[in-house]
Amino acid sequence: MLGGKNKDNQFATGGTTLLAKSVEITGDIKFGGTLEVEGSVKGNVFAAADSDAQVNVRDKGLVEGEIRAPKIMINGHVTGDVYSDKHLELAAKAVVNGNVHYKVIEMVKGAQVNGSLVHIPEGEVAVSAPKAAPKVAPTPIKAESATNT
């Protein structure tokens, strides 16, 4: 390869999306390529299992929801479960409040996981769209009339 670089350390094909520090997203994100999270995501983040998609949660980044991607690098905060089919890296400032499902994990001194570490056996796929929350029918509100007597 040109320059002797390892393919796993390069950006994923499909382009790069940056959620800057001032960006707040409420809702699920489905992506391809590389997703760089410096801002805040309140929702699930997921990519197709058969892709080389990558999520990078930077040191000031926050995700409140599940992350499902083949390659994940966390150096910020995640509140929710994490699923990686290929490679998961937890950097020194990483804080994960949830279970971590991985095939290959790299964890640096200082990283925190407040949950279980679950190895995904060879041949199993963990990266797929998260299950949708069950729909709840709205409760009708009864209007009461007030009378003055």
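**Strands and salt bridges in a predicted model**

Visitor: In strand S13, which residue is the bridge partner of tyrosine 83?
Guide: This is a predicted model, and the pairing in question belongs to S11 and strand S13, residues 100-102, which run parallel and are joined by 2 bridges. Within S13, the residue that partners tyrosine 83 is histidine 101.

Visitor: Which residue lies over the face of tyrosine 83?
Guide: A search of the whole structure finds 0 aromatic pairs, and what lies over the face of tyrosine 83 is an arginine side chain. With a distance of 3.8 Å from the ring centre, that residue is arginine 68.

Visitor: With which residue does arginine 68 meet in a salt bridge?
Guide: Side chains of opposite charge can pair when their charged atoms come close. The partner of arginine 68 is a glutamate at 2.8 Å, N to O, and both residues of this pair are buried. The partner is glutamate 66.

Visitor: Over how many bridges do strand S9 and strand S11 pair?
Guide: Strands of a sheet pair through backbone hydrogen bonds, either parallel or antiparallel. Strand S9 covers residues 67-74 and strand S11 covers residues 82-90, and methionine 73 stands opposite glutamate 89 in S11. The two strands pair in the parallel sense, and the number of bridges is 7.

Visitor: Which residue in S14 stands opposite glutamate 89?
Guide: Strand S14, residues 105-107, pairs with S11 in the parallel sense over 3 bridges. Opposite glutamate 89, the residue found in S14 is glutamate 106.

Visitor: Is glutamate 38 buried or exposed?
Guide: Glu38 belongs to a network of salt bridges that also links Glu36 and Arg58, and arginine 58 is partly exposed, with a relative accessible area of 32%. A residue counts as buried under 20% relative accessible area. Because the relative accessible area of glutamate 38 is 18%, this residue is buried.

Visitor: With which residue does aspartate 59 form a salt bridge?
Guide: Aspartate 59 is partly exposed, with a relative accessible area of 36%, and the closest N and O atoms of its salt bridge are 3.6 Å apart. The partner in this salt bridge is lysine 93.

Visitor: What separates the C-alpha atoms of leucine 35 and leucine 19?
Guide: Leucine 35 lies in strand S4 and counts as buried at 2% relative accessibility. Residues that leucine 35 touches, not counting those up to four places away in sequence, include Leu19, Ile29, Val45 and Val55. Although leucine 35 and leucine 19 are 16 residues apart along the chain, their C-alpha atoms are separated by 7.7 Å.

How values were computed:
Residues numbered from 1 in each chain as written. Predicted model: local features only at pLDDT ≥ 70, side-chain atom pairs only at ≥ 80, totals over all residues. Heavy atoms only, no water. Phe/Tyr/Trp six-rings, centres within 6.5 Å; stacked < 30°, edge-to-face > 60°. Lys NZ or Arg CZ within 6 Å of the ring centre and 35° of its normal. Pairing = 2+ DSSP bridges. Helix = DSSP H or I, 4+ residues; strand = E, 2+ residues; numbered from the N terminus. Buried < 20%, exposed > 50% of the residue type's maximum accessible area, 1.4 Å probe, protein only. Salt bridge = Lys/Arg side-chain N within 4 Å of Asp/Glu carboxyl O. Contact = heavy atoms within 4.5 Å.
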